[in-house]
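Here's a quick briefing to read alongside the picture. Take a look at the fold, then work through the points below.

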Amino acid sequence: MGERSGDEVRGLLHGRYRLLKLLGEGGMARVFQAHDEFLGRDVAVKVFRSNAVAESDLRRQKDEINVLAGLGHHSLVTLLDAAVDKSVPGEPRIFFVMELVEGIDLRERIEKGGPVSPRHIAHIARDLAEGLEFVHNRGIVHRDIKPANILIVDYDDNATTARARLTDFGIALRAESTHISAENAVTGSVAYISPEQALGEPLGAPTDIYSLGLVLLECFTGTIEFPGPAVQSAVARLIRRPNVDPVLSPEWREILAAMTSRDPVDRPDAGELVKAFRQMITAESGRHAGPMDAPNEAGRMDAVLRYDLLDTPPDGSFDRITAVAARVFGVPFAIVSVVDTDRVWFKSRHGVDAEQIGRDPGLCASAILHDEPWIIEDARADPRALANPLVAGEFGMQFYAGVPLTTRDGFSLGTLCVMDLEPRTVTADEIATLQDLAAMVMRELNLRWETRRAAAELASAAL
């Protein structure tokens, strides 16, 4: 096929797709930018080499088509068409057509630009975790997560976000499938395979989590964690764990260490990672906040001061609400919190002696960054909370559910939250009840603020 690349670029594939330029190639296939003459749009076309006609190769190509045909998600490259081109006698070529994603792959991004900013890594990780959650829930394991299979858009560090798309399901299989042929005992790019892949063991969703962990670590360092020849690289991960850079934040160290655990059982699943990386996006955006971010926090603090909540005594009206919240959830602790610049003040506290804690360890400071309830059902297994002092320290919190207390002009003052020292699950009705109780808190706060404002206006008019 290498000798025919010029013909390919000049001709029509299957009488419809005009191949324009080569985008990349591997041992099995080449990927071209092409123009769909029928629909008048540019697409990406993957053309398998005509000499790849072994039964196992054909089976793998058909498997990729079958897998991709059933997937549709914003974090995955969409399959548009698939067929066999027979325009050249005796050289049938399987090909499939995908949407053309503008950008470069992550391998090229790292090679050209070195380490990626933590803020962009958080965005990339979130997108990929969402894509893996989607495919894993459908019983599919990608098995070849690597930088070259991750397409990046808006990858410049000056951009607001970096979006990632996962591609190339060429060796994907159903999670329930445990058969791996002898020639494919170690399938996937060796630098990113999981320990169980290196040992030729049955594979499941955790193998993708491990590989993604290595990819994210490489984004931070700019270097491959397990380089070298295939055997040396494969054995290295059986001898040692990846070196997670101690310079990284505690949250990143916890997540990457969990993802690259030697035992697949100890790795978080994709759904847990989606929650964790959404939180990391918020944290990294805060750490890298620029001048345009300051007014939002300043406005929020103006709202906190407007409602006059800080350093005020406990309030019977709110104490009844926290008592009801604790009773509904069957937990020992419930709090009406107010998030200050450097602390979390407890306006009402049920089962808690302290009046305040620092803002950094306070989970309420994280909960106010979300419009929806912020739920941690098992803090010991949730990467968002593993490193939190309230979880890892003597207090030993294992469950948290918080609803933001939001003003009419959209600022979150704090939360109504419940906590427990044991993990637990919540129902939709319980969350709805917590939201209703939070609305009661805000209704009372708004009434008091309006009363004070009216009194001030009357006093001013009387002067």
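A residue is called buried when its relative accessible area is under 20%, exposed when it is over 50%, and partly exposed in between (1.4 Å probe, protein chains only). What you're looking at is a predicted model, where local features need pLDDT of at least 70, side-chain atom pairs count only at pLDDT 80 or more, and totals for chains, interfaces and linings use all residues. Residues are numbered from 1 along each chain as its sequence is written, and side-chain values use heavy atoms, with hydrogens and water left out.

**The whole chain**
- The chain holds 14 helices and 17 strands; helices (H or I, at least four residues) and strands (E, at least two) are DSSP runs, numbered from the N terminus.
- Of the 463 residues in the chain, 49% are buried.
- Take the contacts (heavy atoms within 4.5 Å) between residues at least 6 apart in sequence: 62% of them join residues at least 24 apart.
- The chain's accessible surface is about 21400 Å², and carbon and sulfur atoms account for 52% of that; such areas come from the Shrake-Rupley method with a 1.4 Å probe, and for residues only the protein chains shown count as cover.

- UniProt lists K46 under "binding site" in an unreviewed entry; UniProt positions are given in the numbering used here, feature names are shortened, and annotations may be inferred rather than shown by experiment.
- You'll find K46 in strand β4 (residues 41–48).
- Is K46 buried or exposed? K46 counts as buried because its relative accessible area is 11%.

**The six-stranded sheet**
- Six strands make an open sheet, with antiparallel pairing and the order β1-β2-β3-β4-β6-β5; two strands pair if DSSP finds at least two bridges between them.
- At the edges sit β1 (12–13) and β5 (79–85), each pairing on one side only.
- β4 and strand β6 (residues 93–99) run antiparallel and are joined by five bridges.
- Across that pairing, V43 stands opposite E99, and V45 stands opposite V97.
- β5 also runs antiparallel to β6, with six bridges between the two strands.
- V97 in β6 turns up again here, as the bridge partner of D81.

**The three-stranded sheet**
- Another open sheet is formed by three strands in the order β7-β9-β10, with antiparallel pairing.
- β7 (104–105) and β10 (163–166) are its edge strands; each has a single partner strand, so one side of each has no neighbour in the sheet.
- Four bridges hold the antiparallel pair of strand β9 (residues 150–153) and β10.
- L151 has R165 in β10 as its bridge partner.

**Helix α11**
- The buried residues in α11 include F318, I321, T322, A325, A326 and F329.
- They cover an arc of only 135 degrees around the axis, which puts them on the same side of α11; the arc is that of the directions from the helix axis to the C-beta atoms.
- Here's the background: an α-helix has 3.6 residues a turn, so residues three or four places apart point the same way.
- R320 and R327, on the other side of α11, are exposed.
- Just after α11 comes G330, with a positive phi of about 65 degrees.
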